[in-house]
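What follows is a walk through one protein model, taken a part at a time. Keep the sequence and the structure in view while reading.

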Amino acid sequence: KVEFAYYQIAKTLGIEMMDSKMIDDKHFATLRFDRQDGEKQHILTASGMTGWDFKKPEHSTYENLFRLSVDLRLPHKDIEQLFKRMVFNLVFANIDDHLKNFSFIYSREKDRWNLSPAYDLTYPLDALMNYTRVSRAMSINGKRKAITREDLLKIADQFTVKNPNAIIDRVLAATQLFRPFTEKQNIPQKAIDKILAEFTPL
């Protein structure tokens, strides 16, 4: 149910995702993007494409992901989409944003790669349990803790993302949607409060 709320918020922000819904008010279901019009699509995760070990900190950086996107000659709208997803994951405390959760789709017709729709955008922990040690899967500007707006802007500058402050502000404003969306899913107030407390102010 939390994942469905994240999906709804991401869609309002223009984050590209496959259509999804709740089944029997219990199960989050999403359309697959590896098949289009009955044909299997050629898809590779960032980890599968490069051999990077998603468990190794030195590989698991957003800078690596942006450089890979540039090397693949992704259209600039995909670079800006990737920036938006990075900001979303940071603000909404999705710390499980590892290299296998970013994929690329190859178009035979256009002979080019594109960023796949986003997936696994959610709060990854049990909101009703206490954790003493958790760490972000992906670093931002070399950091996994105490990440600031300046860290995001440094990456935006490096990869020529336009109007990064506006993107950040929109994602921050969308945190106001979390409580009404989760309350509609009848998620316990204690869980809602715990997740809200984990969000990153920038």
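Predicted model: local features only at pLDDT ≥ 70, side-chain atom pairs only at ≥ 80, totals over all residues.

A pocket, in the sense used here, is an open set of points on a 1 Å grid with protein on both sides within 12 Å along at least five of seven lines, and its volume is the space filled by probe spheres set on the points.

Rolling a probe the size of a water molecule over the atoms shows where empty space is left. In this model the largest pocket has a volume of about 320 Å³. Its lining is made up of 16 residues, and those that lie nearest the centre of the pocket are Ile-95, Arg-136, Arg-144, Glu-198 and Thr-200. Sorted by class, the lining of this largest pocket comprises 10 nonpolar, two polar and four charged residues.

The largest cavity contains about 80 Å³ of space, and 14 residues line it, with Asn-89, Asn-101, Phe-102, Tyr-119 and Leu-121 lying nearest its centre. The lining of the largest cavity divides into five nonpolar, five polar and four charged residues.

From these spaces we can turn to the strands. Three of them form an open sheet in the order β5-β6-β7, and their pairing is antiparallel. Because β5 (42–45) and β7 (112–115) stand at the edges and have a single partner strand each, one side of each is left without a neighbour in the sheet. On average, and with direction ignored, neighbouring strands of this sheet are turned by 30° against each other.

The pairing can be followed strand by strand. Strand β6, which covers residues 103–107, pairs with β5 in the antiparallel sense over four bridges, and in this pairing Tyr-106 of β6 is the bridge partner of His-42. The pairing of β6 with β7 is likewise antiparallel and runs over four bridges, with Phe-104 standing opposite Leu-115 in β7. In the hairpin of β6 and β7 there are four residues between the strands, and Asp-111 takes a positive phi near 50°.

A pair of aromatic rings is described by the distance of the centres and the angle of the planes. The count for this model comes to 10 aromatic pairs. The rings of Phe-66 and Phe-159 have centres 5.1 Å apart and planes at 20°, and the pair is therefore stacked, since planes under 30 degrees apart count as stacked. This pair links distant parts of the chain, with Phe-66 in helix α3 (residues 62–71) and Phe-159 in the loop between α5 (149–158) and α6 (164–174), 93 residues apart. Both Phe-66 and Phe-159 are buried.

Phe-178 and Phe-199, by contrast, form an edge-to-face pair, at 5.2 Å centre to centre and with 70° between the planes. Phe-178 lies in helix α7 (residues 178–184) and Phe-199 in the segment after α8 (189–198), so this pair ties together parts that are 21 residues apart in sequence. Phe-178 and Phe-199 are both buried, and together with Tyr-6, Phe-88 and Phe-92 they form one aromatic cluster.

Notes: Residues numbered from 1 in each chain as written. Heavy atoms only, no water. Pairing = 2+ DSSP bridges. Helix = DSSP H or I, 4+ residues; strand = E, 2+ residues; numbered from the N terminus. Axes fitted to C-alpha atoms, helices over the stretch in contact; angles between N-to-C directions. 1 Å grid on protein atoms, 1.4 Å probe; cavity = no way out; pocket = protein on both sides within 12 Å on 5 of 7 lines; lining within 4 Å. Nonpolar A, V, L, I, M, F, W, Y, C, P; charged D, E, K, R; others polar. Phe/Tyr/Trp six-rings, centres within 6.5 Å; stacked < 30°, edge-to-face > 60°. Buried < 20%, exposed > 50% of the residue type's maximum accessible area, 1.4 Å probe, protein only.
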